[in-house]
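Dear colleague,

I am handing over the structure below, and I would ask you to keep it open while you read. My notes on what was found in it follow directly after it.

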Amino acid sequence: MPLDLGMYERRADYKSEKQCQRTSLAFYQAVRDLLPVWLLEDIRATEAFHWEDEGRACAFSPSEALLYALVHDHQQYAHHLLQRFSMHALAMPSASFRCCAHSATPHVAVAVRYNRKNILKMMMDTLKDFADEGEKKLLLNHRVCAHAEGGKTALHLACDLARPECLLLLLGHGACPYVTDRAGDTPLDCLLQQISQSDMDMRTKRVCLGYLVLFMPALRFRMRTELRENPALWSRLIGEQAFQWLSGQCPPSLFVQCMRNVTRSVPDEQLDIVVRGEEEKKRGHESPRGPQIKGK
Ligand SMILES: [Zn+2]
């Protein structure tokens with residue numbers, strides 16, 4: 001249910017820019033300090049205002065509050081906002097929260113940037129409430145504006161930052177792996193560039209590569225030429241088998257083909273299990289179960 005802001009907008013008349021700065025800082029700190037949900041909602045509804053360029057004091061909307069919850073990983077608050085306001089919590093925030101007029105809704109990209117996989121999962125669940133399939137796709141696949149993140153989508157960011165759990169959540173909920181950024185690169189291109197640029201987090205990057213391959217039956221990407229021109233380098237970087245698939249020299253193994261069929265029919269709840277498995281692995285419990293592509 002959307003908030004009725006009428007009362008607060010009238011209250012806001014007497015708020016100066018300075019008062020707004022003070023109250024918005026107080027709200028920021030309250031979320032950062034992980035204060036209880038009821039208290040945050042009380043502050044948001046009655047005390048906290050931010051100042052808009054056109055000289056107007058505004059109460060924080062659920063979508064703006066969710067951005068704060070994302071930044072500070074306040075999972076209970078994010079849960080509350082998404083439960084109570086559903087898709088309104090994922091609506092476009094007001095101008096002062098955006099880079100420019102071309103900015104799209106920032107929540108998914110912010111969740112990936114800060115690696116807030118639990119809140120991202122809650123957001124993906126909320127997407128089910130979107131009646132309009134086009135609107136849902138837009139939220140998953142839109143590019144951020146050219147000034148921020150080079151016009152990339154959330155999937156590109158997950159590849160750039162090597163965030164396998166976020167990548168899997170996005171792919172599993174219908175993000176398109178063939179979408180290109182403003183440079184014309186697919187998420188797979190970004191990931192391969194990351195792999196060639198640095199050895200850091202190589203294991204995690206290979207897990208990301210495994211997930212992407214599962215969701216990309218047609219391997220359409222720009223880096224393929226580069227792979228074919230430097231076979232020795234690329235088979236060392238991603239392993240001989242992955243190199244052969246990606247360069248088109250041989251079809252993916254039966255295992256990958258079966259897994260593709262499975263991922264197409266797997267319910268969202270089971271994606272959770274895979275994501276949790278990733279977390280366990282990161283904490284040092286070994287034996288990867290995911291479709292990791294191993295090096296040589
Ligand atoms: Zn911009």
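Which residues are buried in H7? They are Lys117, Ile119, Leu120, Lys121, Met122, Met123, Met124 and Thr126, where a residue is called buried if 20 or more other C-beta atoms lie within 10 Å of its own, exposed if 12 or fewer, and partly exposed in between, with the C-beta atoms placed from the backbone. Helix H7 covers residues 117-127, and because eight of its eleven residues are buried, this helix is largely enclosed by the rest of the structure.

Before going further, please note that this is a predicted model, in which local features need pLDDT of at least 70 and side-chain atom pairs count only at pLDDT 80 or more, while totals for chains, interfaces and linings use all residues. Residues are numbered from 1 along each chain as its sequence is written.

The overall picture

The protein has 17 helices and two strands, which are DSSP runs numbered from the N terminus (helices are H or I with at least four residues, strands are E with at least two). Of its 296 residues, 39% are buried. Among the contacts with a separation of 6 or more, 72% are between residues 24 or more positions apart, a contact meaning that two C-beta atoms, placed from the backbone, lie within 7 Å.

Two helix pairs

The axes of H5 (residues 75-85) and H7 come within 10 Å and cross at roughly 5°, the axes being lines fitted to C-alpha atoms, for helices over the stretch in contact, with angles from 0 to 180 degrees between N-to-C directions. That angle makes H5 roughly parallel to H7 (under 35 degrees counts as roughly parallel, over 145 as roughly antiparallel, 65 to 115 as roughly perpendicular and the rest as oblique). On the H5 side the contact involves Gln75, Ala78, His79 and Leu82, which meet Asn118, Ile119, Met122, Met123 and Thr126 in H7.

The axes of H11 (residues 187-197) and H12 (residues 202-215) also come within 10 Å, but they cross at roughly 155°, which means that H11 is roughly antiparallel to H12. Here Pro187, Leu188, Leu191, Gln194 and Ile195 of H11 meet Lys205, Cys208, Leu209 and Leu212 of H12. The buried residues of H11, including Pro187, Asp189 and Cys190, pack against H9 (154-160), H12 and H14 (231-238).

The strands

Strand E1 (residues 49-52) and strand E2 (residues 56-59) run antiparallel and are joined by four bridges, where two strands pair if DSSP finds at least two bridges between them. Phe49 has Ala59 in E2 as its bridge partner. The two strands form a hairpin with three residues between them, and Gly55 in the turn has a positive phi of about 80°.

Single residues

Leu34, in the loop between H2 (17-32) and H3, has a positive phi of about 55° although it is not a glycine, and Leu34 is partly exposed, with 15 other C-beta atoms within 10 Å. Asp201, in the loop between H11 and H12, likewise has a positive phi of about 55° without being a glycine, and counts as partly exposed with 14 C-beta neighbours inside 10 Å. Trp38, which lies in H3 (residues 37-46), is exposed because it has 9 other C-beta atoms within 10 Å. Trp38 and His80 are 42 residues apart in sequence and 9.4 Å apart in space, C-alpha to C-alpha.

With kind regards
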